[in-house]
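Student: I'd like to learn how to read a protein model. Could you take me through some of its features?

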Amino acid sequence: MNERARYGDVFAEPEFRALWLAQLLSVAGDQLARVALTVLVFQHTHSALWTAVTYSVTFLPWLIGGLALAGLADRLPRRDVMVACDVTRAVLVAAMMAPGIPLWVKVCLLFVVTLLDSPFKSARAATYADIFTGDRYVLATAVTQTTLQFGMVSGFALGGVIVAFLGAPTALAVDAATFVLSAVLILSGVHARPAAAPRAASERAPVAEISIGLRLVFANRQLRTLTLLGWLVAFYVVPQGLAVPYAAQFHGMPTAIVVGLIFAAGPLGTAVGAVVFGRMVDPPRRLRLMGPLAVAACAALLLCLFRPGLSLSLAIFIASGACAAYQLAANAAFVSAVPNHRRSQAFGLANGGMQVSQGLWFVLAGAAAEAMAPTMVIAVSGGIGAALAASLALSWHRWHGRATTRP
């Protein structure tokens with residue numbers, strides 16, 4: 001694990017290149033759709049709460065997907081799962097473009113599209129672990145997280161421009177096309193592998209499978225702490241859930257463009273942080289810095305108490321996102337501690353909780369923003385997150401200290 005890998009080692013692998021490019025395309029397209037729908041809802045309702053509810057729809061399906069669907073990527077060939085999810089999502093997004101379709105139907109279709117995100121991402125994460133081991137896996141994770149953030153930055157930023165000047169249907173058309181291209185890249189560039197789980201796992205009742213996965217993740221102190229560190233994301237990405245009402249307080253620029261900038265700021269910081277953290281920090285130190293960076297990612301938002309202007313707000317969100325690069329170490333430690341035949345399910349459960357916590361917290365933040373300024377809501381979210389992060393950091397420090405001194 002201490003052997004240092006290089007970016008050339010990662011990109012030399014053809015399978016990784018196919019997955020990497022597919023991820024970049026689909027993530028950028030997803031953010032276009034998110035910007036389009038949140039702006040449409042705010043224009044129709046002028047409500048921070050309903051805008052936050054719409055944005056949360058892109059996270060809440062993970063409650064179902066993370067529990068019930070993520071395990072499909074262990075019981076079925078992972079490449080097949082990814083391709084099937086991409087093709088289905090392309091069809092559903094294309095259906096959103098039908099003339100005269102009600103806004104609530106579009107939101108429901110978005111719910112189903114996001115539901116399929118769980119088995120897809122679980123399969124992709126487990127496939128990375130099939131391809132790489134050791135520090136090559138860590139660096140590959142850094143590259144994929146950077147790609148995720150870059151795709152979100154470009155998708156959100158371009159989404160604001162496209163929605164402002166070309167309209168929401170164009171954004172949805174681009175999203176559908178990215179799913180098709182992703183399916184083609186995966187089918188042609190990723191090797192077919194048999195299902196990772198033994199046949200007996202496929203014969204168990206779904207409830208029994210879910211129960212086994214929950215015990216695996218939450219009965220183990222190491223996995224439980226790493227999972228909860230991952231779930232802290234809800235507290236420091238709350239500016240995205242309040243992006244539209246937050247942007248409405250600034251005048252002189254089209255709201256859609258300001259929304260795109262706010263959406264992009266955090267992912268931009270995380271992209272930069274992932275490069276620095278993954279390439280320039282050695283593996284043992286990553287684990288030591290994980291807790292302090294988790295605290296800092298949330299605490300940075302306390303600066304919103306001073307009601308900063310747009311430029312300073314973006315700088316705060318970028319700094320918070322940079323500290324969120326601690327998720328790289330948490331992800332790598334989590335995946336390495338889970339057996340291969342349970343890897344997709346465990347990842348789906350952990351990531352599902354991460355997505356659901358964001359969705360629920362966005363709804364609460366949107367409700368709070370009906371009664372107080374978005375800047376205050378964001379600052380309070382950061383303070384709560386920082387307190388929880390400090391507790392988890394202390395728990396991780398105690399466990400990791402005992403684990404490293406154990407003979």
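Student: How many residues does helix α7 have, and how far does α7 reach from its first C-alpha to its last?

Tutor: Helices here are DSSP runs of H or I with at least four residues, numbered from the N terminus. The expected span of a helix is 1.5 Å times one less than its number of residues. Helix α7 (residues 103-115) has 13 residues and reaches 19 Å, close to the expected 18 Å. This is a predicted model, where local features need pLDDT of at least 70 and side-chain atom pairs count only at pLDDT 80 or more, while totals for chains, interfaces and linings use all residues. Residues are numbered from 1 along each chain as its sequence is written, and side-chain values use heavy atoms, leaving out hydrogens and water.

Student: Which residues of α7 are buried?

Tutor: Buried means under 20% relative accessible area, with a 1.4 Å probe and protein chains only. In α7 the buried residues are Val105, Lys106, Val107, Leu109, Leu110, Val113, Thr114 and Leu115.

Student: Is Ser381 buried or exposed?

Tutor: Exposed would mean over 50%. Ser381, found in helix α22 (residues 374-405), has 1% relative accessibility, so Ser381 counts as buried. Contact means heavy atoms within 4.5 Å. Leaving aside neighbours within four places in sequence, Ser381 is in contact with Ala234, Phe235, Val238 and Trp361.

Student: Which residues line the second largest pocket?

Tutor: On a 1 Å grid over the protein atoms alone, a pocket is an open set of points where a 1.4 Å probe fits, with protein on both sides within 12 Å along at least five of seven lines; lining residues have an atom within 4 Å of a point. Among those lining the second largest pocket are Ala234, Phe235 and Trp361. The largest share of this lining, 3 residues, comes from α22.

Student: What can you tell me about the rings of Tyr246 and Phe250?

Tutor: Rings of Phe, Tyr and Trp (its six-membered ring) pair if their centres lie within 6.5 Å; planes under 30 degrees apart count as stacked, over 60 as edge-to-face and the rest as tilted. The count comes to 8 aromatic pairs. For Tyr246 and Phe250, the centres are 5.7 Å apart and the planes at 55 degrees, so the pair is tilted. The rings of Tyr246 and Phe317 also have centres 5.7 Å apart, but their planes are at 65 degrees, so this pair is edge-to-face. Tyr246 lies in helix α16 (residues 243-248) and Phe317 in helix α19 (residues 310-323), so the pair ties together parts that are 71 residues apart in sequence.

Key:
Helix = DSSP H or I, 4+ residues; strand = E, 2+ residues; numbered from the N terminus.
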